Amino acid sequence: MESNRSIGENVEDAKLLRRVGAMLDHLDPVPDAVRAAARSAFAWCDMDARLARLIDEELLVGSATRAHGEAKLLTFEAPGMTVAIEATEINGARKLIGQLVPSGPHHVALETAAQSGQQLTAPVDHLGRFTLTSVPAGLIRLRCTLPDGAQVVTEWVDT
């Protein structure tokens, strides 16, 4: 900022920028879908949860059949927990078979980018195994609540 400019000039610049912004909003408004996506991006953030980072993604070779599409093996790691998932395409949807190591949470919740705010849940057995069916294609993440109340959330991945 130049030191020889007066406060009045700065105010006039701000007014001009506000009028130009209003004109552009009128001529080329931001689409509602873009606004909704931006708002939901903030909902994706969860500062209190431990992030389980994707450490391995492997396409399972030879797994495709006529009824099933490709399958992937995804492995996530967070402090004190590993999440392994096999994602198989079945008629346009996905089936997830997974295991939490160590076992502990009684259920997992699946969040999708396409259906922000909605969750699919699945029980976790005593060995940490779970299954989720009819998972829509696209970005997903898993959320686990540990017995001590802490949460572990996987990174978003495209299944």
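Leu 132 is placed in strand E7 of a predicted model. Its relative accessible area is 3%, below the 20% limit, and Leu 132 is therefore counted as buried. When neighbours within four places in sequence are set aside, the contacts of Leu 132 are Arg 94, Lys 95, Leu 96, Val 108, Leu 110, Leu 120, Thr 121, Ala 122 and Leu 142. Gly 98 lies 34 residues from Leu 132 in sequence, while the C-alpha atoms of the two residues are separated by 8.5 Å in space.

Leu 132 is also among the residues with the most contacts inside the largest nonpolar core, together with Leu 96, Leu 100, Val 108 and Phe 130. This core has 23 residues. Two or more residues are given to the core by each of strands E2 (68-78), E3 (81-90), E4 (93-101), E5 (107-112), E7 (129-135) and E8 (139-145). Strand E3 supplies the largest share, four residues. The surroundings of Val 108 can be listed in the manner used for Leu 132. Beyond four places in sequence, Val 108 is in contact with Leu 100, Leu 120, Thr 121, Ala 122, Val 124, Phe 130, Leu 132, Arg 143 and Cys 144.

Charged pairs were examined next. Side chains of opposite charge can pair when their charged atoms come close. Six salt bridges are present in the structure. One of them joins the side chains of Glu 155 and Arg 53, with an N to O distance of 3.6 Å. Glu 155 belongs to the loop between strand E9 (151-154) and strand E10 (157-158), whereas Arg 53 belongs to strand E1 (residues 50-60); the pair links distant parts of the chain, 102 residues apart. Glu 155 has a relative accessible area of 24% and is partly exposed. Arg 53 is likewise partly exposed, with a value of 47%.

Another salt bridge is formed by Arg 141 and Glu 111, whose closest N and O atoms are 2.5 Å apart. Because Arg 141 lies in strand E8 and Glu 111 in strand E5, this pair ties together parts that are 30 residues apart in sequence. Both Arg 141 and Glu 111 are buried. Glu 111 forms a salt bridge with Arg 143 as well, and here the closest N and O atoms are 2.8 Å apart. This pair again links distant parts of the chain, with Glu 111 in strand E5 and Arg 143 in strand E8, 32 residues apart. The relative accessible area of Glu 111 is 11%, so Glu 111 counts as buried. Arg 143 is buried too, with a relative accessible area of 11%. Through salt bridges that share partners, Glu 111, Arg 141 and Arg 143 are joined into one network.

Leu 16 is part of helix H1, which covers residues 7-27. The relative accessibility of Leu 16 is 44%, so this residue counts as partly exposed.

The confidence of the prediction was also summarised. The mean pLDDT of the protein is 82, and a value of 70 or more is reached by 79% of its residues. Over residues 63-67 the pLDDT stays under 50, and the model has six contacts beyond four places in sequence for this stretch.

Definitions and conventions
Residues numbered from 1 in each chain as written. Predicted model: local features only at pLDDT ≥ 70, side-chain atom pairs only at ≥ 80, totals over all residues. Heavy atoms only, no water. Buried < 20%, exposed > 50% of the residue type's maximum accessible area, 1.4 Å probe, protein only. Core = buried A, V, L, I, M, F, W, Y, C linked by side-chain atoms within 4.5 Å. Contact = heavy atoms within 4.5 Å. pLDDT = per-residue confidence, 0-100. Salt bridge = Lys/Arg side-chain N within 4 Å of Asp/Glu carboxyl O.
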